[in-house]
Amino acid sequence: ISKVINSISQISSKLLLKNKSSENIHEILRYSTFKIKNQNKKIKIFEEFDPSLPKILIDKSLLIQVFENLLNNAFEASDFSYKSFIKLSTKFIYGETIKIPNIKESQKKNYLLVKIEDNGLGIKKTELSKIFLPFFSRKKRGSGIGLYLVKRIISLHDGRISVDCIDNLTSFSIKLPL
């Protein structure tokens with residue numbers, strides 16, 4: 001009962017971007033992998049980072065929460081075979097250029113893409129559309145609010161998150177505006 005009440009209070013509480021600062025996304029991703037790297041069960045973690053990315057204006061603690069949740073889900077979905085891995089990648093995405101009437105300079109919408117991929121158990125196609133809903137969980141001890149909060153935090157940063165799963169290769173893509 002207390003777990004359900006705690007879950008409801010987390011959902012109903014207002015998430016706010018309190019401490020926005022200019023941060024290196026790679027440092028945040030590496031910090032977020034710390035817990036997984038210290039687990040007894042080994043899993044390969046690959047990094048494919050774009051070294052030319054600029055710093056990004058974010059709430060660091062909230063994004064750490066996002067990445068730790070996604071990484072923990074990937075870790076828990078692993079079968080811990082010698083082929084098990086989690087891959088983190090980043091890249092710069094050139095967005096569309098918007099020309100606004102009566103304004104000389106056009107607006108550019110560029111993004112930073114963060115991808116977290118794993119080859120664990122995968123997500124059924126019928127469940128892909130439900131995973132960001134509150135209280136949806138396939139875990140026995142899951143509350144079903146983790147991915148819901150992830151989506152809310154990414155939305156607060158004016159970003160977008162999507163998920164894809166093909167042959168047990170699950171991929172979460174997060175676009176954050178620069």
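**Fold.** I began by counting elements in this predicted model, and I found 5 helices and 9 strands in the chain. Reading along the sequence, I wrote down the pattern as α-β-α-α-β-β-α-β-β-β-β-α-β-β.

**Contacts.** Next I looked up how far apart in sequence the contacting residues are. Of the contacts between residues at least 6 apart in sequence, 73% join residues at least 24 apart.

**Surface and burial.** I noted an accessible surface of about 11,200 Å² for the chain, and carbon and sulfur atoms hold 53% of it. The chain has 178 residues, and 39% of them are buried.

**Aromatic pairs.** How many aromatic pairs does a search of the whole structure find? I got 4. One of them is Phe 75 with Phe 80, an edge-to-face pair with centres 5.1 Å apart and planes at 65°. I call the pair edge-to-face because its 65° falls in the class of planes over 60 degrees apart.

Phe 75 has a relative accessible area of 8%, so I list Phe 75 as buried. Phe 80 comes out at 28%, so Phe 80 goes down as partly exposed; the cut-off for buried is under 20%.

**Charges over rings.** Which ring does Lys 151 lie over? I found Lys 151 over the face of Phe 132, at 5.2 Å from the ring centre. I also logged Lys 175, whose charged end sits over the ring of Tyr 111 at 5.4 Å from its centre.

Conventions: Residues numbered from 1 in each chain as written. Predicted model: local features only at pLDDT ≥ 70, side-chain atom pairs only at ≥ 80, totals over all residues. Heavy atoms only, no water. Helix = DSSP H or I, 4+ residues; strand = E, 2+ residues; numbered from the N terminus. Buried < 20%, exposed > 50% of the residue type's maximum accessible area, 1.4 Å probe, protein only. Contact = heavy atoms within 4.5 Å. Areas by Shrake-Rupley, 256 points an atom, 1.4 Å probe, with all protein chains shown as cover. Phe/Tyr/Trp six-rings, centres within 6.5 Å; stacked < 30°, edge-to-face > 60°. Lys NZ or Arg CZ within 6 Å of the ring centre and 35° of its normal.
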